[in-house]
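Colleague: I am new to this one. Could you take me through how to read it, feature by feature?

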Amino acid sequence: QPQVNGDMVKWLSRTAQGFLPPLAAAVGGVASQEVLKAVTGKFSPLQQWLYIDVLDILTPLEKVGSEEFLPRGDRYDALRACIGDSLCQKLHDLNVFLVGCGAIGCEMLKNFALLGVGTGQDKGLVTITDPDLIEKSNLNRQFLFRPHHIQVGFLIQYIVWTTVSLCCNTYSDEFYTKQDVIVTALDNVEARRYIDSRCVANLRPLIDSGTMGTKGHTEVIVPHLTESYNSHRDPPEEEIPFCTLKSFPAAIEHTIQWARDKFESLFSHKPSLFNKFWQTYPSAEEVLQRIKSGESLEGCFHVIKTLSRRPRSWTQCVELARVKFEKYFSHKALQLLHSFPLDTRLKDGSLFWQSPKRPPFPVKFEFNDPLHYGFIVSTAKLFATVYCVPFTEKDLSEETILGIISTVKVPEFRPSNKVVQTDETARKPDHIPVSSEDERNAIFQLEKSILSNEALEADLQMKPIAFEKDDDSNGHVDFITAASNLRAKMYNIEPADRFKTKRIAGKIIPAIATATAAVSGLVALELIKVVGGYPADAYKNCFLNLAIPIMVFTETADVRRTEIRNGISFTIWDRWTIYGKEDFTLLDFINAVREKYGIEPTMVVQGVKMLYVPVMPGHIKRLKFTMQKLVKPSADKKYVDLTVSFAPETDGEEDLPGPPVRYYFVQEDN
């Protein structure tokens, strides 16, 4: 006879009329993904039972009186039936800091609203920070926003119980100490690490989450109970080697990154440097005079080269685009084959052109090829924008473009003996040296521009373009798609469609509503535990992949304790505190640490500034200096965080690390 779990029956009975919104969101996200699988035939359907419970929330409530779960006649009765009135009230009085209001952030706000987070009459506040504007591509998963919010920001009028700021590093320690919990919904690792460090410094709980397509994770960080986000390190993101991008691409990702770099160089970086140069030297005549007198002006050669080749009409923009086509997709291939013929062998006798290296072959321009034509039009449009050249719809017609291209004199290929970089560890050089011949040419070109009245004030300005992936009319993604696929064709690499190119070039982290709903629901469940002050074994981290599907729940990692010596130890959550006074010296500080914590510091550091290192010249004298003199605090500064270390037990070993020490300049009134 099957055994019945009495506790399960009891809780099912008690919560039968209840509703736990975060659990519904988590299960709903999973169920919705299964519906999509049935409709699209994509990903693996669930072929078994999926069991999820949140008994971790209910078990600690066993000793709570039954009156806690009775209805009060408000919108939270169903929630109250699950977690009790006291927990509901704590949620209402909660101060929560939500960092990131993208896909997960919008779902989190939904859960906050359903839980009544921050809605207390006298207490409670939700603070949101996110520097981004709303993009068109966000709307398929960020349901808080609508088309008219594109490029606007947050829909504050719908979030009446929140305050909003734009940047997470604008908040003081005082702000963090007023928060009951911090919730992050970010796709930036460095931002996550920054928020985590602030939470550890101010002893605040943190719930972190993220998604990538159908994958998602949640992590709970509780002071004194768990490790922090910074306790573990993700593997560094692999960069594509410079030589691979420049000469030896082997995958479509390489050609897309090459095209993205070309966009940045042609339409953003060089125009910005051009403007900066002419802001420093406001006239061409002055620059010419300085060069002739032997003065070296940084960047002048490249600026003068740009000025002398500046297109001044739509026709010249198209001609320049055609010349770039020949340079990038024909001459580049011919130069590489000149430097490394197909039969080139390495020192060991193996062929140079072997996998992963692919030999390039020149692409012959064909006007009727949509890819070729698309590159010319998108490139010409961007040049026209950068150089402030007007153009009309008629200028964009095939007839006009063909008429211009048919008269272009394309430069013939001339092989160069320039060394081609093949070292995968080499980085892109910061500066390309300029020869004396180049300098002479610069003088000649600048003189010619001045005499031709082509170095006037209007000629000394360009309009840099910032890459914008979500405006289909600006031609940015069109240029990168065409340039990338032409380079892929040159190297016999499988091309990518516009959508894939946009995703990679725009560094779009794929997000779908099913995964974000599930993850935000799991975060809100952990939020309830944090608010309720649950024990360490109640918290659960989760990794899920709805495509497979798989959901793995793990217990949080116990906080690691670092031993100093003689039974003295600390964790990442420990912070020693010393209260001083106006005439408190560095020696007084060291003695105070020894008396209070049983160990004497041998080194004191403030950030990157070494306040006291005995082996450093003159540091012994500092023992008599006051802390005020050494630290030099601002008038409103009440304390400073210091790092201390201790002498090792054996000579020759490294100093022993200690916890951060917060030194207050005056005794605070408790």
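Colleague: How many residues has the largest nonpolar core, and which residues have the most contacts inside it?

Modeller: First, a caution: this is a predicted model. The largest nonpolar core has 74 residues, and Phe329 and Phe375 have the most contacts inside it.

Colleague: Which helices supply at least two residues of this core?

Modeller: They are α10, α11 (284-292), α12, α13 (314-339), α14 (370-386), α15 (398-405), α16 (436-451) and α17 (476-490). Of these, α10 gives the most, with 10 residues.

Colleague: With which residues is Phe329 in contact, leaving aside its neighbours within four places in sequence?

Modeller: Phe329 touches Phe375, and also Trp258, Phe361, Pro362 and Val363. Ala483, Leu486, Arg487 and Met490 complete the set for Phe329.

Colleague: Which residues are among those of the other core?

Modeller: Leu20, Leu61, Leu91 and Val523 are among them.

Colleague: Which residues meet where α10 packs on α12?

Modeller: From α10 come Leu273, Phe274, Phe277 and Trp278. From α12 come Cys300, Val303, Thr306 and Leu307. By class, the contact has seven nonpolar residues, one polar and no charged ones.

Colleague: Now the strands. In what order do the five strands of the open sheet stand?

Modeller: The order is β11-β15-β14-β12-β13, with mixed pairing. Look next at the edges, where β11 (576-579) and β13 (609-612) stand. Each has a single partner strand, so one side of each is left without a neighbour in the sheet. Neighbouring strands are turned by 35° against each other on average, direction ignored.

Colleague: In what sense do β12 and β13 pair?

Modeller: Strand β12 (residues 601-606) pairs with β13 in the antiparallel sense, over three bridges. Within that stretch you can find Gln606 opposite Lys609 in β13.

Colleague: Which helix packs on the sheet?

Modeller: That is α20 (residues 586-597). Helix α20 touches β11, β12, β13, β14 (639-646) and β15 (656-664). The direction of α20 makes about 130° with that of β11.

Colleague: What is phi for Leu203, and for His224?

Modeller: Phi of Leu203 is near 55°, a positive value in a residue other than glycine. Leu203 lies in the loop between α8 (189-201) and β5 (206-212). His224 is not a glycine either, yet its phi is about 70°. You will find His224 in the loop between β6 (215-221) and α9 (242-246).

Colleague: Is Ile57 buried or exposed?

Modeller: Ile57 is buried, with a relative accessible area of 0%. Ile57 lies in helix α3 (residues 55-58). Leaving aside neighbours within four places in sequence, Ile57 is in contact with Ile83, Leu525, Ile528, Lys529 and Tyr534.

Colleague: How far apart are Ile57 and Arg440?

Modeller: In sequence, 383 residues; in space, 78 Å from C-alpha to C-alpha. For scale, the C-alpha atoms of the protein fill a box of roughly 90 × 75 × 60 Å, taken along the principal axes.

Colleague: And the whole protein: how many helices and strands are there?

Modeller: There are 21 helices and 15 strands. Of the 670 residues, 46% count as buried.

Definitions and conventions: Residues numbered from 1 in each chain as written. Predicted model: local features only at pLDDT ≥ 70, side-chain atom pairs only at ≥ 80, totals over all residues. Heavy atoms only, no water. Contact = heavy atoms within 4.5 Å. Helix = DSSP H or I, 4+ residues; strand = E, 2+ residues; numbered from the N terminus. Nonpolar A, V, L, I, M, F, W, Y, C, P; charged D, E, K, R; others polar. Core = buried A, V, L, I, M, F, W, Y, C linked by side-chain atoms within 4.5 Å. Buried < 20%, exposed > 50% of the residue type's maximum accessible area, 1.4 Å probe, protein only. Pairing = 2+ DSSP bridges. Axes fitted to C-alpha atoms, helices over the stretch in contact; angles between N-to-C directions.
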